[in-house]
Amino acid sequence: MKLIKYTLISTFLPIALFAQNVNAQESKNTILASELKSSVDSASYALGMSIATDLKKRGVTELNYSLFAKALANGFSGANKLLSQEDGQRAISNYLTAASKRSENLVLDEGNQFLKANKTKAGVVTLPSGLQYLILKSGSGPKPKATDQVTVHYTGTLINGKKFDSSFDRNQPLSLSLSEVIPGWTEGLKQMPTGSKYRLFIPWELGYGENGAGEIPPYSVLIFEIELISIGK
């Protein structure tokens, strides 16, 4: 994982989706392995799963499955298209934009509620920036400056407990400059004496912001357990 800030740009859309934005019930049909009787059957099912996985990542939670299947058939046959390519692309763009906004609002609300509750817990310190931290182990060494190079061990998770990176798992500390990392790291590590271990609770504004990064969705509150091993190269 790169702790240096960057913008994640997603460009993959497996198939042009010509479907109406309507409510749909969860499919009750469970395909059995015995129904996959040929390589075409297996590939067809796998492609459907791949498309569904990608759309879920984009925040899509509801589709008209009948129209979705009809669009696939029409796309292959080239006949009886309900939408022109231009209107279809516009429908996709509008739908995915709205779905992304709903997903972002949910993440924002969950993050705000988490930080609001967390700040009332024993031992949690909240700084003016909104950064929160909890001392897990006190150190006695010097504190780094914003321009220092540091060596750390860390684990990063989302507020739902999902781990997205860990130097502990790799058994390999990370050395980096505090001038090149997300603001929450820079500010948090400046509070830490060498040899200490803190848990940082980083608001989205001090993390990866509105873009997210890798497995980290946009507007995510981040939790890092960081052990400051040393300052300097």
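These legends describe close-up views of a predicted model.

**View 1. The whole chain and its elements.** The protein has 233 residues. It holds 5 helices and 7 strands. Read from the N terminus, the order is α-α-α-β-β-β-β-α-β-α-β-β. Buried residues make up 33% of the protein. The protein exposes about 14,100 Å², and 53% of that comes from carbon and sulfur atoms. Now take the contacts between residues at least 6 apart in sequence. Of these, 74% join residues at least 24 apart.

View 2. Strand S3 covers residues 149-158, and strand S4 covers residues 163-166. The two strands run antiparallel. How many bridges join S3 to S4? There are 3 bridges. Look along the pair for Thr155, which stands opposite Ser166 in S4. Then look between the strands, where the hairpin has 4 residues. In this hairpin, Gly161 takes a positive phi near 90°.

**View 3. The largest nonpolar core.** This core has 26 residues. Which of them touch the most other members? They are Val152, Trp185, Leu189, Ile202, Leu222, Phe224 and Ile226. Four elements each supply at least two residues of the core: S3, helix H5 (183-190), strand S6 (197-202) and strand S7 (222-231).

**View 4. Lys81 in a loop.** Lys81 is found between helix H2 (65-77) and helix H3 (85-118). Is Lys81 buried or exposed? Its relative accessibility is 52%, so Lys81 counts as exposed, since the cut-off for exposed is over 50%. Lys81 and Ala71 are 10 residues apart in sequence. In space, they are 7.4 Å apart, C-alpha to C-alpha.

**View 5. Asn118 in helix H3.** Asn118 has its place in helix H3. Why does Asn118 count as buried? Its relative accessibility is 4%, and buried means under 20%. Now set aside the neighbours of Asn118 within four places in sequence. Which residues is Asn118 then in contact with? The contacts are Val124, Gln132 and Phe201.

How values were computed. Residues numbered from 1 in each chain as written. Predicted model: local features only at pLDDT ≥ 70, side-chain atom pairs only at ≥ 80, totals over all residues. Heavy atoms only, no water. Pairing = 2+ DSSP bridges. Core = buried A, V, L, I, M, F, W, Y, C linked by side-chain atoms within 4.5 Å. Buried < 20%, exposed > 50% of the residue type's maximum accessible area, 1.4 Å probe, protein only. Contact = heavy atoms within 4.5 Å. Areas by Shrake-Rupley, 256 points an atom, 1.4 Å probe, with all protein chains shown as cover.
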